[in-house]
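Work through the exercises below with the structure open beside you. Try each task before reading its solution.

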Amino acid sequence: MAGKKVAAGIDIGGTNSVFGLVDREGNILAGGSVKTAHYPDAEEFTKVVYNEVIKALDSLGGKAELAGFGIGAPMGNINRGTIEYPAGLPWKGITPLADFFRKYTSLPIIVTNDANAAAVGEMIYGAAKGMKDFVVLTLGTGLGSGFVVNGRLVYGNDGFAGELGHTTIKPGYSDRECGCGKKGCTETYVSATGLKRTLLKVMANTLQPSRLRRYSFEELDAKIIYEAALEGDPLALKAFEYTGMMLGIKLADVVAHTSPEAIFLFGGLANAKEFIFEPARKYMEENLLSIYRGKVKLLPSGLEEKNAAVLGASSLVWSELENK
């Protein structure tokens, strides 16, 4: 007798790639992770991930049958099954990821932007259940975004709609360089990396004491800065206030574009809770057109951080099978 159908949901990140075998009800039955940065060759990475998924499937002892692969990745293109010029991955140019997976399987393979995958997960399993208009921002190493309008993800003409992280928030040729090649991108301010860069600037502009001064840039991360903020460290608090301000200003633009019911913050930086939510909410409201004020909810993800993108990616498989 055939086992229960499961979809492989794969979330490709700049440091780690996480996968899970998910049933139709959203239960993750098995999973694991692969260090993306260890594989500068995307074909080798694909082979390793595929084998790890099969190992996880085998660990279920024949009680599950694989239905397909849903993959969320930076600059993932659902139209072509590719990852194209990603800023945060070790692979440059255009990576035909779906084609690489097809060397090992004839099952459906769907590739999309990682934030789009997270938005699907939020809509099906999380706090956006029942909403038709909302936005999900993934605040990790970079800034991703998924826009849902009238109950459907917005992909645009070429599959790349909604790249909020690479819209310009601070123009100028002397501003922060982004991994995409531009300068002044929102991602360079509103992300875990952006928070670190802001903190270093804050430290350079003041002689105030701070325990954060003992860390190098490589040692610092958003968690360390958050822990310092909890202790009332003035430089950590200034860095969060500035990061939240930049986020709030950008969110006011987002509201003007799609008038969402809610905006969800997801990922490592969102775990800073009030230190990011309070300034973001304040500056969003201050910069909104009056007709939007007090209408848009700014909320944390309704899913566990480690599961949202995996669940969203896996749901792409069910959508593909059920819409045939």
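The exercises move from the whole chain to single residues, and the model is a predicted one.

**Exercise 1. The whole chain**

Task: Decide how the radius of gyration of the protein chain compares with that of a compact globule.

Solution: 
- Start with the length. The protein chain has 324 residues, and a compact globule with that count would have a radius of gyration near 20 Å.
- Now take the computed value. The protein chain has 20 Å, so the two agree.
- The C-alpha trace spans about 65 × 45 × 35 Å along its principal axes.
- Look at burial. Of the 324 residues, 53% count as buried.
- Finish with the contacts. Among those with a separation of 6 or more, 62% are between residues 24 or more positions apart.

**Exercise 2. Two aromatic pairs**

Task: Classify the ring pair Y189 and Y242, then the pair Y226 and F275.

Solution: 
- The whole structure holds nine aromatic pairs.
- Take Y189 and Y242. Their ring centres are 6.1 Å apart and their planes stand at 50°, so this pair is tilted.
- Y189 is in the loop between β11 (152-153) and α4 (192-204), while Y242 is in helix α6 (residues 234-258), so the pair ties together parts 53 residues apart in sequence.
- Check accessibility. Y189 has 2% and counts as buried. Y242 has 26% and counts as partly exposed.
- Turn to Y226 and F275. This pair is edge-to-face, with 5.8 Å centre to centre and 70° between the planes.
- Y226 is in helix α5 (residues 222-230) and F275 in helix α7 (residues 274-287), 49 residues apart.
- Y226 is buried at 18%. F275 is buried at 16%.

**Exercise 3. Other ring features**

Task: Name the residues of the aromatic cluster, and find the ring under the charged end of K196.

Solution: 
- One cluster is formed by Y50, F69, F101 and Y104.
- The charged end of K196 sits over the ring of F217, 4.2 Å from the ring's centre.

**Exercise 4. The setting of N113**

Task: Work out whether N113 is buried or exposed, and what it touches.

Solution: 
- Find N113 in strand β8 (residues 109-113).
- Read its relative accessible area. The value is 6%, so N113 is buried.
- Look for a polar partner. A polar atom of the N113 side chain lies 2.7 Å from the backbone nitrogen of A115.
- List the contacts, leaving out residues up to four places away in sequence. N113 touches G72, A73, M75, G76, S145 and E163.

Technical notes. Residues are numbered from 1 along each chain as its sequence is written. This is a predicted model: local features need pLDDT of at least 70, side-chain atom pairs count only at pLDDT 80 or more; totals for chains, interfaces and linings use all residues. Side-chain values use heavy atoms; hydrogens and water are left out. Rings of Phe, Tyr and Trp (its six-membered ring) pair if their centres lie within 6.5 Å; planes under 30 degrees apart count as stacked, over 60 as edge-to-face and the rest as tilted. Helices (H or I, at least four residues) and strands (E, at least two) are DSSP runs, numbered from the N terminus. Buried means under 20% relative accessible area, exposed over 50%, partly exposed in between (1.4 Å probe, protein chains only). A charge sits over a ring if NZ of Lys or CZ of Arg is within 6 Å of the ring centre and within 35 degrees of the ring normal. A polar contact is a pair of N or O atoms within 3.5 Å; within protein, one must be able to donate a hydrogen and the other to accept it, and residues adjacent in sequence count only if both atoms are side-chain atoms. Contact means heavy atoms within 4.5 Å. The radius of gyration is taken over C-alpha atoms; the globule rule is 2.2 Å times the number of residues to the power 0.38.
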